[in-house]
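Open the model in your viewer and keep the selection panel at hand.

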Amino acid sequence: METQGSVSHTVPRPGRSVRAQSVKAAHLGKAALWPTLVVLALLLAPFVLASYPLALLGRVLALAIAALGASVVWGRAGILSLGQGLFFGLGGYALAMHLKLAATPKGELPDFMVYSGINKLPWFWQPFHSAPFALLMVVVLPGLAAYLIGWLMFRRRITGVFVSIITQALVLAFVTWLGGAQGLTSGSNGITDFQTFMGLNLRGPDFSRELYWATLLILGVSFAGTAWVLNTPFGSLLTAIRDNENRSRFLGYNPAAFKVAAFVLGGVLSGLSGALYTLHLGTISPAMIGVAFSIELVVWVALGGRASLWGAAGGMVLGQLAKDRISSAAPEAWLYIMGALFVLVVMYLPEGVAGLLKSRLSGGAGRRPAPLPMHPEVKDAV
Amino acid sequence: MTYRNLTASLTLLLLGNALAQGTVKVGVLHSLTGTMAISEITVANAAQLAVDEINAAGGVMGKKIQVIKEDGASDWPTFATKAEKLLTQDKVAAVFGGWTSASRKAMLPVFEKNKGLLFYPVQFEGNECSPNIIYTGAQPNQQALPALEWALSKGYKNIFLLGSDYVYPRTANLILKKHIAAKGTNLAGEEYVALGGTEFSSVINKIKAAKPDVIINTLNGDSNVSFFKQYQAAGYSAATLPVISFSIAEQEAQSIGPALLTGQYATWNYFQSLPNAANKKFVAAYQKKYGAKAAITDPMAHAYMDVYLWKAAVEKAKSFDPVAVRKAIVGVSTDSPLGKITVDKNGSLTQTVYTGQSGAGGQFKVVAQSGGVIAPQPYDALAFPGKTCP
Amino acid sequence: MPSEQTGAPLLDVRDITVSFDGFKAIQNLSLQVWPGDLRVLIGPNGAGKSTLLDTIIGKVRPASGEVQFGGEIISRLPEYLIARRGICRKFQAPGVLESLNVRDNLRLAVRSDKDVFASLSPKIRPQEEARVNELLTLTGLTERQDVQAGQLAHGEKQWLEIGMVVAPRPRLLLLDEPTAGMTAQETAQTAELIRALAGQHAVLVIDHDMHFVELLAAPVTVLHQGQVFREGSLATLRDDPDVMEIYLGRPKEAAD
Amino acid sequence: MDAVFLFGQLFTGLSVASILLLAALGLALSFGLMRVINMAHGEFLMFGGYLTYLASQWVGPQFLWLAFPLAFVGSALLGAVLEFTVIRRLYGRPLDTLLATFGISLILQQAARQIFGSTGVPVMAPAWLSGAITVHGGALDGLTFPYVRLFVMALSALVLIAVWWLLNRSRFGMHVRAVNQNREVASSLGVNTRQLDMLVFALGSGIAGVAGAGLALLAPVNPTVGSAYIVNAFLVVVVGGVGSVLGGAVAALLLGCITALAEGLTSVSLAQAILLVVVVAFLQWKPRGLFPTQSRALEEA
């Protein structure tokens, strides 16, 4: 449960350490119960759920990977990126390009290129004939893009809301370009109509179940990997830089480098998520990765608890499931609910549900969670 | 009331819709929220109207139609997930829905995978031929090309293509450009504005520099309002530079404001002003249910008729199975508000094309119509040689 | 004024000028600090004390002149590299890492390899861990090592930060009002600590609190209007009428 | 490229700039004072637009005299309510404010959609604004300057002058500048900073309302009209420098002209992407914008 490792808030006080240790172990046992149950339930889901709910769950689990990325970037490093859709899209498109080529008969061009008057496969499409290359690009492309964007921003110490604005503008530009470059990207239609992936029939009866397992596995690995990374001094340094960038800098750390690294990690996780989501949905289009997606991601992460990986992933899963239900039952009400959630969560639940649970678990019944530290640029600037 | 009818009514009263074999489910999947809602809600209404009429008249093969309405939320991936829900969870016999090409493209794999049947009511760019979709809106040869021919026949030689930046305008214009070149006439310019864009200053400046005789307009939605406002402010009017639009129907004309649009042209398979009897009945029924001022548009007429087409095909197939219905629907012909239409074996309609001129009250007066019905060509032979439906 | 210094100075501030929007916060200022020196900077508000420290650590770039450290020109280096050369600064407001506990604060300060990839290794060298323990003792925070730094009392935060800046054994320590907000007793302890640190490190202290400056018993440099105004012992400066005059605007502080 | 086209594009640039400036000015004001990014700013613009529509429905063709005051006061009131209920409570948490105001923006958009429908409502410019000045003869023969666009430019200039006067020549402005420099000192000198925050926020919202009224003459008012302008308005603020009104004006001009140039040389659809690349490149050069405030307080940032 505890993902903050050495930054733990519940460490025993000196002098009472023996007793406190055993109390901590008991806590851990109690705290580990729910995650175990959740993982068990997810593992058993395919044997219980009908095909639509299972597909829905799989899809949502794929999105949870992007939520992990947002938790690293925002929850840990304090960078509010409103452009995670860009990386999600790069991962999705990297895979979609391969799937499209795989679905196109040998020697022919993808149909949308033909219909856009293109008569030669563009150079950057060529290597995507290879599945391993495409899989590599699923993480390399978003990683590289995140590196480049992060480097440009953090090197020049662009922080806070400026980062939010620029990332939002970038995702908008990306989506606009995707929509306009129809011959290269299939435009606003997006890339669709996939048939096979590495020999698997995407439309076969077993595929959705296999995909569910694969998603669960990748989510699990991503979760464990991210938790591990955040447990190293790297994780503490991200917190340190978020709390007080100058202090870290004048201790000899280069905050820009750490922020870029966090941004890249977040980008790679988003890319993975995008590729899986593309497989689940059978299509990727600019509409899926735009500003709305990027902001929605942030809301679910905020609701669940941005500082906790469990919170972020759980917020995404439950939020998306709720969206599926409520938007069917009361489409008009849904946007009001979303909007109200934004406001209420940041005003009354800044650490999300996970923060609330944590303060309950750590014994302080009724104790309010400590407010997140102010963002440094404000503390200094006002 | 005969004894037989009485028993039937009593049974219905007692068991209601809970009786599974008494109803057949269909899905209506349109954007009820978001930017597309304004267009799509009325299309969903038209489909609902047809269902109500059919139910009132006894249903299909003795079964009442039960509509499951889902919201695509103007978000294409949502169309895919909701389509999946309709097919795998609700197990509907057919789905009526979609507006944008992107939403259709998102739904296509879902319908193919689950062997469902989708009725798609909107004009589109062609280049698609799924066995699981019935495309009743105009193919490019049933809207764009007749419009071009009409423009040429009026002596307009210099043609400017203006559209929103998405697949339909770009593909339609690609086809138009091939035909413009083949006919030896002149392309004055081509420009695209982001969906929902409202700033046309540069575009109008480019139009001014290109000096065209006519503009073929594939702008979508509100961009049209901005364009015609700024076009008029720059000193243009239908008399000085006519515009032929493919996405402006009665409803859009109302919101643009008839004053800005007076004298401009639109090409469709249907106008509210069509005088045939089926149309008069449809318009009256719709306005009775949804308001006397409600504008009726081409996609609405298609959506309304789609339900009747499906009913005819079900009755011909004597089955609700989508595969059987798809097989049976080829050749089905009816007198609809659009006039006489027939389903081609490629899943599209053989239908008539009209060019209308905008007048007062946002209505269009038909000024030209195709000589008879035009068979659908999903793949333009000039632009995409060698492509055909399987 | 230590006149017996020989050899090259550790810190050599050469004729620097710093301006903000045309306002010259520092004008043609030069200053040398030799290894092991303890030096106090005083001066009325706006004299340029903090700006001088900002310039040394690279937070502010001089419009002209340069800063040399250990014979190397550092006034063009990015801040984190200047810090790695061995200059550590304690800020006026306590700059501890509030969400981390005391031990982690010190661990981050002690780590010698400060690159991103190195930080992914969770291992801590035994000598680094030993240094952390040593610092905990030095700052008297051993009992509080597991407390989140944000929860510390104000004085404790100041001490923790001193521990952090001392941690990497810098050659030069810059302390900006280290006793702000401390009780009299804490102030005395801090003075003692700083005097203990001098010798191992060169130390440059800014403070308003004359009582504290007295306790440090070190040579004092008075800044005024961005320039060095006087240098000498506190006792001689106190009797200097010119120094009194520049403080007249804020007599209360000077008398503190 | 001929001269008429070139001058036409220049005019386009100015015209785009005037709208951008109106949309961004309020944002720059509240951002400068409170370091708050208001994602619902675009919806104040939308609100002003709808009020203009209502004014045109009530009054008829000569609605402009009512529309502008109505749009200003209405949006300002809405802004004051938002400041009082939400923004004030999130003081010092700019990223959270950004998210909360985004939620507000969703709610306002959906409300507008349910009240007025998704399609834009048309506002017809009064007759005296239809038409254009056309150049006859000479090298610029055929160049036209539509009255509506000239009107919006004049409006924008007027608002800019008014804001400049307010900030530099009035007591209110002195307080604003004082708080801008150092909030605590200003507060200790007796400036009611809370009240000032609300007033400035309301003023900024009111200006957005005026922008909406001006925009309604050029484009339909629909629920998403605000979000269409908000990103570029943000860019104006970022390029202009934190809260600098002069910077905002210059940045708006710059971005307007770059947009017009990009649209003229390439295609309209590419222009937005080009604009962004230019802005990101610019921020590499001047990360604090054109007119950064270089006080010590900000250096701490």
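**Stop 1: chains C and A**

Between chain C and chain A there are 11 residue pairs in polar contact, with both residues at pLDDT 80 or more. A polar contact is a pair of N or O atoms within 3.5 Å; within protein, one must be able to donate a hydrogen and the other to accept it, and residues adjacent in sequence count only if both atoms are side-chain atoms. On the side of chain C that touches chain A, the elements giving two or more residues are α2 (79–86), β6 (87–90), α3 (102–110) and α5 (154–166) of chain C. Helices (H or I, at least four residues) and strands (E, at least two) are DSSP runs, numbered from the N terminus.

This is a predicted model, in which local features need pLDDT of at least 70 and side-chain atom pairs count only at pLDDT 80 or more, while totals for chains, interfaces and linings use all residues. Residues are numbered from 1 along each chain as its sequence is written, chains are lettered from A and ligands numbered from 1 in the order in which they are written, and side-chain values use heavy atoms, with hydrogens and water left out.

Stay with chains C and A. Here 36 residues of chain C are in contact (heavy atoms within 4.5 Å) with 33 residues of chain A. The area buried between chain C and chain A is about 2900 Å², and carbon and sulfur atoms give 62% of it. Buried area is the accessible area (1.4 Å probe) that two parts lose on being put together, summed over both.

Now select Arg157(A) and Glu79(C). They form a salt bridge, with the closest N and O atoms 2.4 Å apart. The term requires a side-chain nitrogen of Lys or Arg within 4 Å of a carboxyl oxygen of Asp or Glu. Chain C and chain A have two salt bridges between them.

**Stop 2: chains D and A**

Which chains share the most contacts, of the five pairs of chains in contact? They are chains A and D. Show both: 45 residues of chain D are in contact with 43 residues of chain A. About 4100 Å² is buried between chain D and chain A, with 77% from carbon and sulfur atoms. Select Leu95(D), Leu99(D) and Gln284(D), which supply 18% of the area that chain D buries against chain A, more than any other three residues.

Next, select Arg306(A) and Asp96(D). This pair forms a salt bridge whose closest N and O atoms are 3.0 Å apart, and the interface of chain D and chain A has one salt bridge. Seven residue pairs are in polar contact between chain D and chain A, both residues being at pLDDT 80 or more. The elements that give two or more residues to the side of chain D that touches chain A are α4 (94–116), α9 (225–240), α11 (268–285) and α12 (296–299) of chain D. The largest share of that side, 15 residues, comes from α4(D).

**Stop 3: chains B and C**

Select chain B and chain C. No contact joins them, and their closest C-alpha atoms lie 38 Å apart.

**Stop 4: two helices in chain A**

Hide the other chains and select residues 207–231 (α8) and 233–243 (α9) of chain A. These helices pack at an angle of about 70°, with their axes 4 Å apart. Axes are lines fitted to C-alpha atoms, for helices over the stretch in contact, and angles run from 0 to 180 degrees between N-to-C directions. α8(A) and α9(A) are therefore roughly perpendicular (65 to 115 degrees) to each other. Val229(A), Leu230(A) and Asn231(A) in α8(A) meet residues of α9(A), among them Pro233(A), Phe234(A) and Leu238(A).

Key: Parallel < 35°, antiparallel > 145°, perpendicular 65-115°, else oblique.
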